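Please study the sequence and the three-dimensional structure shown below. The explanation that follows it is meant to be read with both in view.

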Amino acid sequence: MPRILIVEDEEKLARFVELELKHEGYTVDKAFDGRDGLEKMETGGYDLVLLDIMLPGLNGLEVLRRARRTVDTPVIMLTARDSVMDKVTGLDMGAEDYMTKPFEIEELLARIRAALRKTERRAAESKQLACGALIMDVDRHTVSYDGHAVELTQREFDLLRVLLENKGIVLSRSTLMERVWGYDYMGETNIVDVYVRYLRGKIDDAFGVKLVQTVRGVGYVIRE
Ligand code: CA
């Protein structure tokens, strides 16, 4: 199910929206200020973000501006102000949509579904993922480096796919855990490190490159 991040300092509202979204089957995380929201956006690999504009720390527009340097997660801005300026600025900075508070939850849910459908369509159009000479054909389930086939186990393939889908974005171990192994996996989180080592052996070491990179204290990223 899609994963949604709510960045909203009105905790009551955040909890209400969280409950409604969970009821619809979405997986939900919350951040109550701009800095935490930005950090989660950059490392959480979310499918959608609900971003309030009036936030302590960094305001929502600033969060969006900074997040857009690294992630293109669809964002629905939430604004209490009936300010045309905020909406225009938000949309200019790449927000998918906006909602003025107070809003009807049904309308928010409909906008979320629409935004997610758009993302799905975009994803379906490009089933080839790449990082430099490394190419993954998702439909054919093949991986190659500079034309040479790379044989991967299912788990290695899944891990590489998540990294490639988020190329350039640092993903935390727990995010990779959730995306590749699922929530129910009760094993050690260092399983992620083990599989990253497998991938490096088959890609980086095999071809003398450094694509699968460690970001100390944060997680992993694939980039050229
Ligand atoms: Ca607020």
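The paragraphs below proceed from the whole chain to its sheets, its metal site and some individual residues.

This is a predicted model, in which local features need pLDDT of at least 70 and side-chain atom pairs count only at pLDDT 80 or more, while totals for chains, interfaces and linings use all residues. Residues are numbered from 1 along each chain as its sequence is written, and side-chain values use heavy atoms, with hydrogens and water left out.

The protein chain has eight helices and twelve strands; these elements are DSSP runs numbered from the N terminus, helices being H or I with at least four residues and strands E with at least two. The radius of gyration of the chain is 19 Å, close to the 17 Å that the globule rule gives for 224 residues, so the chain is as compact as a globular protein of that length. This radius is taken over C-alpha atoms, and the globule rule is 2.2 Å times the number of residues to the power 0.38. Along its principal axes, the C-alpha trace spans about 55 × 35 × 30 Å. Buried residues make up 46% of the 224 residues. Here buried means under 20% relative accessible area, exposed means over 50%, and partly exposed lies in between (1.4 Å probe, protein chains only).

Two strands are said to pair if DSSP finds at least two bridges between them. Between β6 and β7 (residues 134-137) there are four bridges, and L129 has M136 in β7 as its bridge partner.

H141, in the loop between β7 and β8, has phi near 60 degrees and is partly exposed at 38% relative accessibility. D146, in the loop between β8 and β9, has phi near 50 degrees and counts as exposed at 57%.

A further open sheet has three strands in the order β10-β12-β11, again with antiparallel pairing. Its edge strands are β10 (171-172) and β11 (212-215). Four bridges join β11 to β12 (residues 219-222), and V212 has I222 in β12 as its bridge partner. Helix α8 lies across β11 and β12, at about 140 degrees to β11. Within α8 (residues 191-207) is D193, which is buried with a relative accessible area of 16%. Leaving aside neighbours within four places in sequence, D193 is in contact (heavy atoms within 4.5 Å) with R173 and Y220.

Which residues coordinate the calcium ion? They are D9 (OD), D52 (OD) and M54 (O), at 2.1 to 2.3 Å. Donors are N, O and S atoms within 2.8 Å of the metal (3.2 Å for Na, K and Ca); water is not among the atoms, so sites may look incomplete. D52 is buried at 2% relative accessibility, whereas M54 is partly exposed at 46%.

Finally, a cis peptide bond joins K101 and P102, with omega about -5 degrees. P102 is placed in the loop between β5 (97-100) and α5 (105-125).

Key:
Axes are lines fitted to C-alpha atoms, for helices over the stretch in contact, and angles run from 0 to 180 degrees between N-to-C directions.
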